Amino acid sequence: MSELLTHTGTIAAIATAVVPQKGSVGIVRVSGDHAMAIARTLFLAPGKQAWESHRILYGFIRQPQTKQVIDEALLLIMKAPRSFTREDVVEFHCHGGIMAVQQVLQLCLENGARLAQPGEFTLRAFLNGRLDLTQAESIADLVGAKSPQAAQTALAGLRGKLAQPIRNLRSQCLDILAEIEARIDFEEDLPPLDEQRIIHEIDRISLEINKLLATKDQGELLRTGLKVAIVGRPNVGKSSLLNAWSQSDRAIVTDLPGTTRDVVESQLVVGGIPVQVLDTAGIRETVDQVEKIGVERSRQAANNADLVLFTIDGSVGWTDADQEIYEQVKHRPLILVINKIDLISEAEKQTLKSKIQNVKAKIETAAAKNQGIDDLETAILESVEVGNVEAANLDLAINQRQAAALTKAKIDLAQVQETIKNQLPLDFWTIDLRGAIYALGEITGEEVTESVLDRIFSRFCIGK
């Protein structure tokens, strides 16, 4: 990363997903001092098209020595500082697929560019003052968003809705520090410091920090989502439950036990939260080698899931096999799903519910008739102690790095108050106050270390 901190040289990378025979357009992005020279070397623009900033040229990408045409393409020109990186940037918009974009990228590398490292375009935007660190992280969140709400929250961060309150808090801390240091340097010329007012100001800042910290859990759920495993013995309706929930025929449903031989995944969104649902093979003892593998994968899925939907067949009742599976998964967060409730009486439902107690919720479903899905989704949201984030208008959602820095700032501010109460000299007040200012600066990038940048940008894809 030390090389990246100097942000020298001209870099190039494929900026779009490369899917064989699928993508219609592929983009190769070039940024740096030699971007325009590379474009003029490789791109032939017929006629009298003007090579001006923020213009799109039509033409051909050619091998400069042999003049062989590689692709018919568009060239987008963005001259510094009016570009994402605040450097000269050109983009070759080629035909999609693999061959065209890879040949164009190779030509760029042969004519003065080097391959960009993960996140280097965004890193340059940060180092050149185009973005702060919260906005850079929001770009990664936006690219990886798994739900509309996650995308909206990332977009809010990209627009500075997280950076602005952090900067305000840091500015307030700097004002307090300036007032304290003025008393240290010019004590005889200024009135005594109002200690109670300083304590009140720190209390107010700490309260705002707590409000930001309260968004961490929902922010993590929006970014990473939930992994939910549907577990039970064969033929209790696990696949029917998945199909009713996802409104598709993702899993095969028959009356034959053991139909599902492997873990079937489906991506859903529940209350704005991405949910990866795993329909597992029925857990039972079997001599079928293929089914044995599926059963073992089911156990692994249950152990790795954030939440287990332990599903039983209400029409059959509680069986020894149900009890055996329950013993294997009872250490995990559980929701009991009593399926096929349309086939049993109210008294039978209550009997089944009484079999186990230490579960997050007990839900009745008739998956084949699409009944109980709304109740199941509500129980899932309540089990992870979040409301419906679609309705929460969650503009701010901090990540783990930002939460750690905010927590550090909060602890430092509490220590400042303790120092004041203990009547220590003013010099001691400034020590922890500076720590809080530094921690808040780490969030937006006013204070930053190479290791922090390495940790953030190494998670980006190449080309972003």
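Student: What share of the residues in the protein chain is buried?

Tutor: Buried residues are 48% of the 464 in the protein chain. Buried means under 20% relative accessible area, exposed over 50%, and partly exposed in between, with a 1.4 Å probe and protein chains only. This is a predicted model, where local features need pLDDT of at least 70, side-chain atom pairs count only at pLDDT 80 or more, and totals for chains, interfaces and linings use all residues. Residues are numbered from 1 along each chain as its sequence is written, and side-chain values use heavy atoms, with hydrogens and water left out.

Student: How many helices and strands?

Tutor: The protein chain has 17 helices and 13 strands. These are DSSP runs numbered from the N terminus: helices are H or I with at least four residues, strands are E with at least two.

Student: Which residues touch the most other members in the largest nonpolar core?

Tutor: I209, L406, L413 and L433 do, in a core of 30 residues. A nonpolar core is a set of buried Ala, Val, Leu, Ile, Met, Phe, Trp, Tyr and Cys residues joined through side-chain atoms within 4.5 Å.

Student: Which elements give two or more residues to this core?

Tutor: They are α7 (163–185), α8 (195–213), α15 (400–421) and α16 (426–444).

Student: And what is I209 in contact with, leaving aside neighbours within four places in sequence?

Tutor: I209 contacts L169, L406, A409, K410 and L413; contact means heavy atoms within 4.5 Å. There is also a second, separate core of 28 residues, with I14, V30, I70 and V90 among them.

Student: Now L343. Is L343 buried or exposed?

Tutor: L343 is exposed, because its relative accessibility is 57%. L343 sits in the loop between β12 (334–339) and α13 (346–353). Its C-alpha is 9.5 Å from that of V316, 27 residues away in sequence.

Student: What about V143, buried or exposed?

Tutor: V143 is exposed too, with 56% relative accessible area, and belongs to helix α5 (residues 133–143).

Student: Last topic. How do the residues lining the largest cavity divide?

Tutor: Five are nonpolar, five are polar and none is charged. A17, V18, V25, G96 and G97 lie nearest the centre of the cavity.

Terms used: 1 Å grid on protein atoms, 1.4 Å probe; cavity = no way out; pocket = protein on both sides within 12 Å on 5 of 7 lines; lining within 4 Å. Nonpolar A, V, L, I, M, F, W, Y, C, P; charged D, E, K, R; others polar.
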